[in-house]
Amino acid sequence: MSTPILEARGLTRQFGQVTALDGADFDVHAGEVVALIGDNGAGKSTLVKALSGNLAVDSGEILYEGHPQHIDTPMKASELGIETVYQDLALAPHLDPAQNMFLGRELMRAGLAGKFGFMDNKAMRAEARSSFDKLGATVKSLTAPVGSMSGGQRQAIAIARAVHWASKVVFLDEPTAALGVRQTANVLDTIRRVRDHGVAVIFISHSMPHVMEVADRVQVLRLGKRVATYNVSETSMEQLVGAMTGVKEEVKSA
Ligand SMILES: Nc1ncnc2c1ncn2[C@@H]1O[C@H](COP(=O)(O)OP(=O)(O)O)[C@@H](O)[C@H]1O
Ligand SMILES: [Mg+2]
C-alpha cells in the first residue's frame with residue numbers, strides 16, 4: 001500500500017494523573033475515510049488535537065507523507081493542507097459565518113485598496129455562500145454573528161470551513177452531534193465527495209451505522225492506544241463494539 005499521508009507512532013500525552021494517549025498509533029491515506037472510534041475518554045479528541053497542531057505530545061512521532069514532521073501550531077497544519085472541525089467548535093462567536101470562514105485568510109480587494117488592507121467582503125460572502133450550499137447547509141444569515149446561531153448552524157459552518165480549506169487531510173471530530181437527520185446525510189455526502197477528491201478524511205462518531213456507511217477503514221482507540229484496525233467491508237458492528245469495549249478479549253481469556 002502507498003505511504004500514509006499522515007501517521008502517528010507511539011504518541012503519549014498525560015494530563016496530570018490522566019494518561020490521555022498511551023502510545024497511540026494512527027495512519028490515514030490520501031483518498032480514504034478512516035473512522036476513529038472508541039469509548040468516551042479513549043483519547044480520540046486528544047489524538048486529533050495532537051495531529052492538527054493544537055496540542056503538544058510528551059513523546060512519539062508524527063509523519064507527514066512518510067517524513068517526520070512537527071505540527072506544532074494550527075497554522076503549520078493549515079500550511080500542510082490539514083484542517084479540523086474540533087469537537088469543541090472553534091468559531092469566533094462575534095464574527096459572521098463568512099468572516100469565520102476566512103478568519104486569518106481574508107481575501108483582499110484588488111489593486112491599491114487591497115494594499116491598504118481593504119478586504120473583499122463581497123467575494124468572501126459569495127465563496128462562503130457557495131460552500132454552505134455545496135454542503136446543503138441552511139445558513140440563514142451571512143451577516144449575523146455565529147454566536148447567535150443554533151448548534152446545528154455553527155456545526156455546519158465549521159464543517160464547511162474545514163472542507164473549504166483542506167487540501168490533504170480533514171479531521172471531523174463528532175461533526176454530526178448537533179445535526180438533524182437531513183443535515184447529517186449532507187455531511188456524510190460531503191465526506192464522500194471530499195474523499196473522492198483525494199483528501200484523507202478522519203471521521204469520529206459514536207454512530208456505528210454512520211461509520212459503516214461512510215468509512216473505508218476503522219481504527220479503534222481504547223485507553224489511549226489503537227487496539228484494532230479493520231476494513232469496513234470485512235467487519236461488523238458487533239466486532240467494532242467489541243473492540244471498543246474490550247469485551248472480545250475478556251471473552252477470549254475467560
Ligand atoms: N485538557 C485536558 N485536561 C485534562 N484532562 C484532559 C484534557 N483533555 C482530555 N483529557 C482527558 O484525557 C482523556 C481522553 O480524552 P479525549 O481525548 O477527550 O477522549 P475522547 O475524545 O475519546 O472522548 C479523558 O480522560 C479526558 O478527561
Ligand atoms: Mg472527544
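Q: In this predicted model, what is the order of the strands in the open sheet of four strands?
A: The open sheet of four strands has antiparallel pairing. Strand 2 and strand 5 (67-68) each have a single partner strand, so one side of each is left without a neighbour in the sheet. With these two at the edges, the order is 2-1-4-5.

Q: Which residue of strand 4 is the bridge partner of Ala8?
A: Strand 1 (residues 6-15) and strand 4 (residues 59-64) are paired over five bridges. The sense of this pairing is antiparallel. Within strand 4, the partner of Ala8 is Ile62.

Q: What angle does the direction of helix 1 make with that of strand 1?
A: Helix 1 packs on the sheet and touches strand 1, strand 2 and strand 4.

Q: Which element supplies the largest share of the shell around ligand 1?
A: The residues surrounding ligand 1 include Phe15, Val18, Gly43, Lys44, Ser45 and Thr46. Strand 2 (18-28) and helix 1 (44-51) each supply at least two residues of this shell. The largest share amounts to three residues, and its source is helix 1.

Q: What is the strand order of the open sheet of six strands?
A: This sheet has mixed pairing. Strand 6 (82-85) and strand 10 (225-231) each have a single partner strand, so one side of each is left without a neighbour in the sheet. The twist from one strand to the next averages 15°. Read across the sheet, the order is 6-7-8-3-9-10.

Q: Which residue of strand 8 is the bridge partner of Val33?
A: Strand 3 (residues 33-37) and strand 8 (residues 200-204) run parallel. Four bridges join them. In strand 8, the partner of Val33 is Val201.

Q: What angle does the direction of helix 9 make with that of strand 9?
A: Helix 9 (residues 237-245) packs on the sheet of six strands. It touches strand 3, strand 9 (217-222) and strand 10. The angle between the directions of helix 9 and strand 9 is about 25°.

Q: Which residue of strand 10 stands opposite Val220?
A: On one side, strand 9 pairs with strand 3 in the parallel sense over four bridges, and Val220 is the bridge partner of Ile37. Strand 9 also pairs with strand 10, here in the antiparallel sense over six bridges. In strand 10, the residue opposite Val220 is Ala228.

Q: How many of the six residues of strand 9 are buried?
A: A residue counts as buried if 20 or more other C-beta atoms lie within 10 Å of its own. Strand 9 is largely enclosed by the rest of the structure, because the number of its residues that are buried is five.

Q: What is the radius of gyration of the protein?
A: The secondary structure comes to ten helices and ten strands. For 254 residues the globule rule gives 18 Å, and the value for this protein is close to it, so the protein is as compact as a globular protein of that length. The radius of gyration is 19 Å.

Methods. Residues are numbered from 1 along each chain as its sequence is written. Chains are lettered from A and ligands numbered from 1 in the order in which they are written. This is a predicted model: local features need pLDDT of at least 70, side-chain atom pairs count only at pLDDT 80 or more; totals for chains, interfaces and linings use all residues. Two strands pair if DSSP finds at least two bridges between them. Axes are lines fitted to C-alpha atoms, for helices over the stretch in contact, and angles run from 0 to 180 degrees between N-to-C directions. Two residues are in contact if their C-beta atoms, placed from the backbone, lie within 7 Å. A residue is near a molecule or strand if its C-beta atom, placed from the backbone, lies within 6 Å of it. The radius of gyration is taken over C-alpha atoms; the globule rule is 2.2 Å times the number of residues to the power 0.38. A residue is buried if 20 or more other C-beta atoms lie within 10 Å of its own, exposed if 12 or fewer, and partly exposed in between; C-beta atoms are placed from the backbone.
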